[in-house]
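Colleague: Can you walk me through the charged pairs in this one? Keep it short, please.

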Amino acid sequence: MHYDLFSQHTVGAEAEFGGTGLHSGARVNVRLRPAPPHHGIVFYRVDLPGNPAIAARHDNVVDTSLATVLGSDGVRVGTVEHFMAAVRVLGIDNLRVEIDGPEMPVMDGSAVPYLEVLARAGLERQEASKTCLRVESPFTVRQGDAYVRVRPADVLHIDYTIDFPHPLVGRQHFAWRLDAGAFRRELAAARTFGFLREVEYLQSKGLALGGSLDNAVVFDDHGVLNAEGLRFPDECVRHKVLDFLGDLALCPFPVFAHFEAHKAGHALHNQVLREMFRRPGHARFIQAATAIPQKVIHQPVPSIYWKPPVLARTG
Ligand SMILES: [Zn+2]
């Protein structure tokens, strides 16, 4: 698969896949279809009358407690983050995601199956230039002892630290720089993880109903329950970087910045984007073709809460 960084892209052909929703336990089918320039990534609930659309945008995030859930006019699509990470890393800007249920299929809990289906669909370059956002001034979002520090950088850097009191997890740190090859090698295979006690509690509340050792790493008090063990010794922190990338992919444009995340999660990831758009001066548009600092096109953020000019058509 080949793409240039300067143009918008969609998929070259339709592709289908299906699986189980992690939390709903429901069987869902997804069809990916090409979309025109400036359409954005948009989910369509084809199981509902009128096929309501939900744009994959940070300001459509309605729940972050267990996964990232998008919603619009009461219609939801959950657990979009691993899929979105694969879409953004491959440079896809425009895509119709037709889904017949309320939650993306979790597949094996990683991003590899999505990469495979997107590879089958291929990429198509479009006659429209790609816009990116560059962070211009540092800021921090916090929640208790968790935080994400954001500062200007010429490429996307993610520095992530987690700390879980478990003998196989503990404190883990992973530093990553945007690169599609590195995504495949280092992040894509890292699976969702959970702790047995939490899983039992969630299932007693009717959640994580689709969760199993086929789609999540589960730790008991002493070790890992999955017979095959871990895919990386630090699989957990790698998965958190994958989650962060997916949540960041809900920014309508690729972001250039250095993110230092400490014990963060979906809620804080989403706050980063909301904060970025809340204050003029935190970020500005650049054309990807000129995404070199000296050549940045100076385009001020036009309003306090900036509505991107390149908007998904919903409906
Ligand atoms: Zn995840």
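Modeller: Let's start with Asp 163. Asp 163 counts as partly exposed, at 34% relative accessibility. Buried means under 20% relative accessible area, exposed means over 50%, and partly exposed is in between (1.4 Å probe, protein chains only). This is a predicted model: local features need pLDDT of at least 70, side-chain atom pairs count only at pLDDT 80 or more, and totals for chains, interfaces and linings use all residues. Residues are numbered from 1 along each chain as its sequence is written, and side-chain values use heavy atoms, with hydrogens and water left out.

Colleague: Which side chain does Asp 163 meet in a salt bridge?

Modeller: That of Arg 171, at 3.6 Å, N to O. A salt bridge is a side-chain nitrogen of Lys or Arg within 4 Å of a carboxyl oxygen of Asp or Glu. Arg 171 counts as exposed, at 59% relative accessibility.

Colleague: How many salt bridges does that rule give?

Modeller: The count comes to 22.

Colleague: What about Glu 14 and Arg 33?

Modeller: Their side chains form a salt bridge at 2.5 Å, N to O. Glu 14 sits in the loop between β1 (7-11) and β2 (15-20), and Arg 33 in strand β3 (residues 27-34), so the pair ties together parts 19 residues apart in sequence. Strands are DSSP runs (E, at least two residues), numbered from the N terminus.

Colleague: New topic. Is Glu 98 buried or exposed?

Modeller: Glu 98 is buried, with a relative accessible area of 11%. Its side chain meets that of Arg 96 in a salt bridge, 3.2 Å from N to O. Arg 96 is partly exposed, at 26%.

Colleague: Which residues are linked in a network of salt bridges?

Modeller: Glu 14, Glu 16, Arg 31, Arg 33, Arg 96 and Glu 98.

Technical notes. Helices (H or I, at least four residues) and strands (E, at least two) are DSSP runs, numbered from the N terminus.
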